[in-house]
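This briefing concerns aromatic contacts and nonpolar surface features. Please consult the sequence and the structure while reading.

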Amino acid sequence: LHSMQSYSQRTKEFELEGHMFFTDLDDGGDFVFGVAGKRNYWLNPYVGLSAGVVMNYSKIDLGFQSPTDNRVRYDFDESILNLNGILGLKLATPTFKHVGLMTDFNFMFAPIPFYPIGIDKTVYEPGDAYPKEKNKTRMVYTRFNPSYRIEVSLFYEKEANAQRGRISVGGGITNYNPYNAYYHARVDDLRLKDCARLRPDNVGVVLFIRFSGGS
C-alpha cells in the first residue's frame with residue numbers, strides 16, 4: 001500500500017536512449033545507430049505508455065547493372081537519416097535491491113512519408129574515353145515505413161528527493177527497414193527492389209542503453 005501511494009505521485013518521466021543494430025543488405029551489411037526521446041506515462045507501478053521520436057542514421061553503398069541496358073550502371077552511396085515516431089507499452093517487474101526487468105512493445109512509423117534519395121547513373125558508350133555520369137534525385141513516398149520493436153531490459157532504479165531515476169541496458173528484435181525509401185523507389189522505369197535486395201531478410205537485433213527520470 002505504501003509503495004502504491006508513493007508511486008501515485010510519480011507517474012510521468014522522460015526517457016533518453018541510444019541504440020544500434022546490424023542489418024544485412026545485398027550480401028553485405030552495416031550498422032544502424034540511433035537516439036530516441038520518449039515521454040512515459042505510468043498507469044501504475046508496472047504498466048506504462050510511451051510516446052516519442054527516434055532518429056536513426058545508416059549508410060547505403062551498393063550498385064547494380066541495368067537489367068535492360070548493359071551499358072548502364074546504377075550506384076547508391078548515401079547517408080540516410082530517418083525520423084520516426086514511436087508509440088509503446090511498457091511492463092515492469094517489482095524491484096529487488098533496486099533491480100528489475102522491463103519489457104517494451106513499440107510501434108514505429110515515419111511521420112513524414114516522403115524522403116529524397118540520390119542515385120548515380122553511369123553510361124558506358126563504345127568509343128568514349130570517359131563514361132557519362134549523372135546524379136538522379138527522387139522524392140519517394142515511403143508509405144510511413146511502419147515497423148515494430150520488442151525489447152527486454154534490466155534496469156537499476158534509484159529514488160532521491162522525490163525524484164526517481166533509472167538506467168537500463170537490454171536488447172530486442174525489430175523488423176525496421178532503414179532503406180525503405182530506396183525499397184519503394186523507381187528510376188528509369190526500374191523498381192530498385194527488383195534489382196537489389198533493399199529489405200533485410202532477417203529480423204534485426206537491437207542493443208541499447210537507456211536513461212529515464214521523472215517525478
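Is Tyr-141 buried, partly exposed or exposed? Tyr-141 is partly exposed, its relative accessible area being 39%. The model discussed here is predicted.

**Aromatic pairs**
- The structure contains nine aromatic pairs.
- One of them is the stacked pair of Phe-107 and Phe-109, with 5.9 Å centre to centre and 25° between the planes.
- Phe-107 is partly exposed at a relative accessible area of 41%, and Phe-109 is partly exposed at 25%.
- Phe-114 and Tyr-141 form a tilted pair, at 5.5 Å centre to centre and 45° between the planes.
- Phe-114 belongs to strand β6 and Tyr-141 to strand β7 (residues 132-141), so this pair ties together parts that are 27 residues apart in sequence.
- Phe-114 has 44% relative accessibility and counts as partly exposed.
- Phe-64, Tyr-74, Phe-76 and Tyr-182 are linked by ring pairs into a cluster.

**Charges over rings**
- Arg-166 places its charged end over the ring of Phe-155, 4.3 Å from the ring's centre.
- Arg-199 lies over the face of Tyr-183, with 4.3 Å to the ring centre.

**Loop between β5 and β6**
- Pro-111 is located in the loop between β5 (99-109) and β6 (114-123), and is partly exposed at 42% relative accessible area.
- Pro-111 touches Leu-83, Asn-84, Gly-85 and Phe-144, not counting residues up to four places away in sequence.
- The C-alpha atoms of Pro-111 and Leu-83 are separated by 7.6 Å, although the residues are 28 apart along the chain.

**Nonpolar surface patch**
- A nonpolar patch on the surface, with about 1000 Å² of accessible area together, includes Tyr-41, Leu-89, Tyr-148 and Leu-207.
- Strands β2, β4, β8 and β12 each supply at least two residues of this patch.
- Leu-207 is found in strand β12 and is partly exposed, at 48% relative accessibility.

Methods
Residues are numbered from 1 along each chain as its sequence is written. This is a predicted model: local features need pLDDT of at least 70, side-chain atom pairs count only at pLDDT 80 or more; totals for chains, interfaces and linings use all residues. Side-chain values use heavy atoms; hydrogens and water are left out. Helices (H or I, at least four residues) and strands (E, at least two) are DSSP runs, numbered from the N terminus. Buried means under 20% relative accessible area, exposed over 50%, partly exposed in between (1.4 Å probe, protein chains only). Contact means heavy atoms within 4.5 Å. Patches are made of residues with over 30% relative accessible area and no salt bridge: like charges are joined within 9 Å, nonpolar side chains (Val, Leu, Ile, Met, Phe, Trp, Tyr) within 5 Å. Accessible areas come from the Shrake-Rupley method with a 1.4 Å probe; for residues, only the protein chains shown count as cover. A salt bridge is a side-chain nitrogen of Lys or Arg within 4 Å of a carboxyl oxygen of Asp or Glu. Rings of Phe, Tyr and Trp (its six-membered ring) pair if their centres lie within 6.5 Å; planes under 30 degrees apart count as stacked, over 60 as edge-to-face and the rest as tilted. A charge sits over a ring if NZ of Lys or CZ of Arg is within 6 Å of the ring centre and within 35 degrees of the ring normal.
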